[in-house]
Amino acid sequence: MTEAVVFDLDGVLIQSEEVWDAVRAQLVRERGGRYDAEIQRAMMGMSSTEWSQYLHDVAGLPESPEEINREVVERMLAAYREHLPLAPGAVEAVERLAARYPLGLASSSNRELIDAVLDESALAPCFRVTVSSEEVAHGKPAPDVYLEAARRLGVDPSRCTAVEDSHGGIRSAKVAGMRVIAIPNPSYPPDEEALALTDVRLDSLADLTVDAVSA
């Protein structure tokens, strides 16, 4: 029985993977580094500590990971101020489930970005807790961020349903012991191995109803 719902942010509530990709690709190319599909996919789900180190070590950015992280976050915030890419039906889905369940958010985004998105979308009051993977030891696909969200909610992970879109996020929630609803991101779809781990697969947020969660 589900007692709480924990949302992912990027790729579920906001269509931001393209923004992340564009921002990091531009920065790497400005600095003369390497950015390709392999690097983009490897970073999906990583915490800010992990992807900034990865950009330094693998993509070849000369700045320190701390400087890389700060520059990317500033560019992401600027992009969100210009246009917040909320997914169709995101507000309605969150409000619909918040009327029935306590909600958490478990995101790989930086704390500043999580807060900016929830404030700008006016969804902040719907969430009891929000956790950034920079606040735990390991990013997705490790289960840390989902386990911490459940702990803060005061609900056993086995009584939580996670809403995810990516291969790393699906694995993270599943290893945490949660029931997983997948809404695959069409631009960056999860692999079939990850999809096989999910309990429910939906086409869109419009299908994310109380019935879908409680089924």
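**Note on the predicted model: salt bridges, sheet and cores**

1. The side chains of Arg-34 and Asp-36 form a salt bridge, with an N to O distance of 2.4 Å. The model under review is a predicted one, and this distance is to be read as a value computed from its coordinates. Both partners are partly exposed: Arg-34 has a relative accessible area of 37%, and Asp-36 has one of 28%.

2. The count of salt bridges in the model comes to 17. One of them joins the side chains of Arg-159 and Glu-3, at 3.9 Å from N to O. This pair links distant parts of the chain, the two residues being 156 residues apart. Arg-159 belongs to the loop between α7 and β4 (160-164), whereas Glu-3 belongs to the segment before β1 (4-7). The cut-off for a salt bridge is 4 Å, and the 3.9 Å of this pair should be read with that limit in mind. In terms of accessibility, Arg-159 is partly exposed at 35%, and Glu-3 is partly exposed at 39%.

3. A local salt bridge is found between Asp-115 and Arg-111, whose closest N and O atoms are 3.1 Å apart. Both residues lie in helix α6 and are four residues apart, about one turn of the helix. Asp-115 is partly exposed, its relative accessible area being 32%, while Arg-111 is listed with the buried residues of α6. The pair also takes part in a network of salt bridges, in which Arg-111 and Asp-115 are linked with Glu-135, Glu-148, Arg-151 and Arg-152.

4. Helix α6 (residues 111-121) deserves a point of its own. Besides Arg-111, its buried residues are Leu-113, Ile-114, Val-117, Leu-118 and Ser-121. These buried residues pack against helices α1 (17-30), α4 (65-82), α5 (90-98) and α7 (144-153), and against strands β2 (103-107) and β3 (129-132). Just after the helix, Ala-122 adopts a positive phi of about 65°.

5. Which side chain makes a polar contact with the side chain of Asp-8? The partner is Lys-140, at 2.9 Å. Asp-8 is placed in the loop between β1 and α1. With a relative accessible area of 5%, Asp-8 counts as buried because the limit for that class is under 20%. When neighbours within four places in sequence are left aside, the contacts of Asp-8 are Leu-13, Ala-106, Ser-107, Lys-140, Tyr-146, Val-163, Glu-164 and Asp-165.

6. The sheet is open and has six strands in the order β3-β2-β1-β4-β5-β6, with parallel pairing. Strands β3 and β6 stand at its edges with a single partner strand each, so one side of each has no neighbour in the sheet.

7. Strand β5 (residues 179-182) can be described in detail. Its pairing with β4 is parallel and extends over four bridges; Thr-161 stands opposite Arg-179 in β5. On the other pairing, two bridges join β5 to the parallel strand β6 (residues 200-201), where Arg-201 is the bridge partner of Ala-182.

8. In which directions do the residues of β5 point, and are they buried or exposed? Arg-179 and Ile-181 point one way, Val-180 and Ala-182 point the other way, and all are buried. In a regular strand, side chains alternate between the two faces of the sheet.

9. The largest nonpolar core contains 52 residues, and those with the most contacts inside it are Phe-7, Leu-13, Phe-127 and Leu-208. A second, separate core has 22 residues, including Val-129, Val-136, Val-145 and Ile-170. In soluble globular proteins, nonpolar side chains tend to be buried together. For Phe-127, the contacts beyond four places in sequence are Phe-7, Leu-13, Val-94, Leu-103, Gly-104, Leu-105 and Leu-118.

10. Gln-53 is partly exposed, with a relative accessible area of 33%. The C-alpha atoms of Gln-53 and Ser-64 are 7.9 Å apart in space, the two residues being eleven residues apart in sequence.

Notes: Residues numbered from 1 in each chain as written. Predicted model: local features only at pLDDT ≥ 70, side-chain atom pairs only at ≥ 80, totals over all residues. Heavy atoms only, no water. Buried < 20%, exposed > 50% of the residue type's maximum accessible area, 1.4 Å probe, protein only. Contact = heavy atoms within 4.5 Å. Polar contact = N/O pair within 3.5 Å; in protein donor to acceptor, adjacent residues only side chain to side chain. Core = buried A, V, L, I, M, F, W, Y, C linked by side-chain atoms within 4.5 Å. Pairing = 2+ DSSP bridges.
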